[in-house]
Amino acid sequence: MRFQPGEKAFIIKNNSIVCTVEVIGYQSQRYTVRLEGMKGAIRISKNRLFRTEEKAKRYLTGEKGTEKIEQDSANFSINYKDPFEGKRTNRNPHEYDI
């Protein structure tokens with residue numbers, strides 16, 4: 001769902017501060033936004049905008065679906081088949097046998 005011009009949104013500034021912005025426009029998968037209290041505007045990617053301040057803070061603290069990542073990595077290690085199993089010799093490839 002796209003933001004409409006005039007809507008308030010939230011961005012993360014300098015990977016540490018959640019700021020309120022006003023959406024001015026949308027073009028080519030980028031939003032033009034104005035930071036609250038500033039005169040100028042910036043263009044940012046659509047995946048850097050958040051609808052609520054809580055979602056932005058959650059993203060900032062890294063609480064965005066960590067349980068899914070852990071579950072996926074556990075499944076990967078169980079289902080992974082080593083293609084070089086039994087072919088390793090544990091010798092240095094840079095040493096020559098003379």
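This is a predicted model: local features need pLDDT of at least 70, side-chain atom pairs count only at pLDDT 80 or more; totals for chains, interfaces and linings use all residues.
1. Now the overall layout. The protein chain has two helices and four strands. Read from the N terminus, the order of elements is β-β-β-β-α-α.

2. Take the S1/S2 pair next. Strand S1 covers residues 8-13 and pairs with S2 in the antiparallel sense over six bridges. Lys8 stands opposite Glu22 in S2. The two strands form a hairpin with three residues between them. In that turn, Asn14 has a positive phi of about 60°.

3. S2 spans residues 17-27 and is joined to S3 by six bridges, again antiparallel. Val21 has Leu35 of S3 as its bridge partner. Two residues lie between the strands of this hairpin, and Ser28 takes a positive phi near 55°.

4. S3 and S4 also run antiparallel, with four bridges joining them. S4 is made of residues 42-45. Tyr31 has Ile44 in S4 as its bridge partner. Arg30 has Ser45 in S4. The hairpin of S3 and S4 has six residues between the strands, and Gly37 in the turn shows a positive phi of about 85°.

5. Which residues of S3 lie on its covered face, and which on the uncovered one? Tyr31, Val33 and Leu35 make up the covered face of S3, residues 30-35. Arg30, Thr32 and Arg34 make up the uncovered face. In a regular strand, side chains alternate between the two faces of the sheet. Arg30, from the uncovered face, is the partner of Ser45.

6. Some totals for the chain. Of its 98 residues, 17% count as buried. The accessible surface comes to about 8400 Å², with 50% of that belonging to carbon and sulfur atoms. Among contacts with a separation of 6 or more, residues 24 or more positions apart account for 33%.

Notes
Residues are numbered from 1 along each chain as its sequence is written. Side-chain values use heavy atoms; hydrogens and water are left out. Buried means under 20% relative accessible area, exposed over 50%, partly exposed in between (1.4 Å probe, protein chains only). Contact means heavy atoms within 4.5 Å. Accessible areas come from the Shrake-Rupley method with a 1.4 Å probe; for residues, only the protein chains shown count as cover. Two strands pair if DSSP finds at least two bridges between them.
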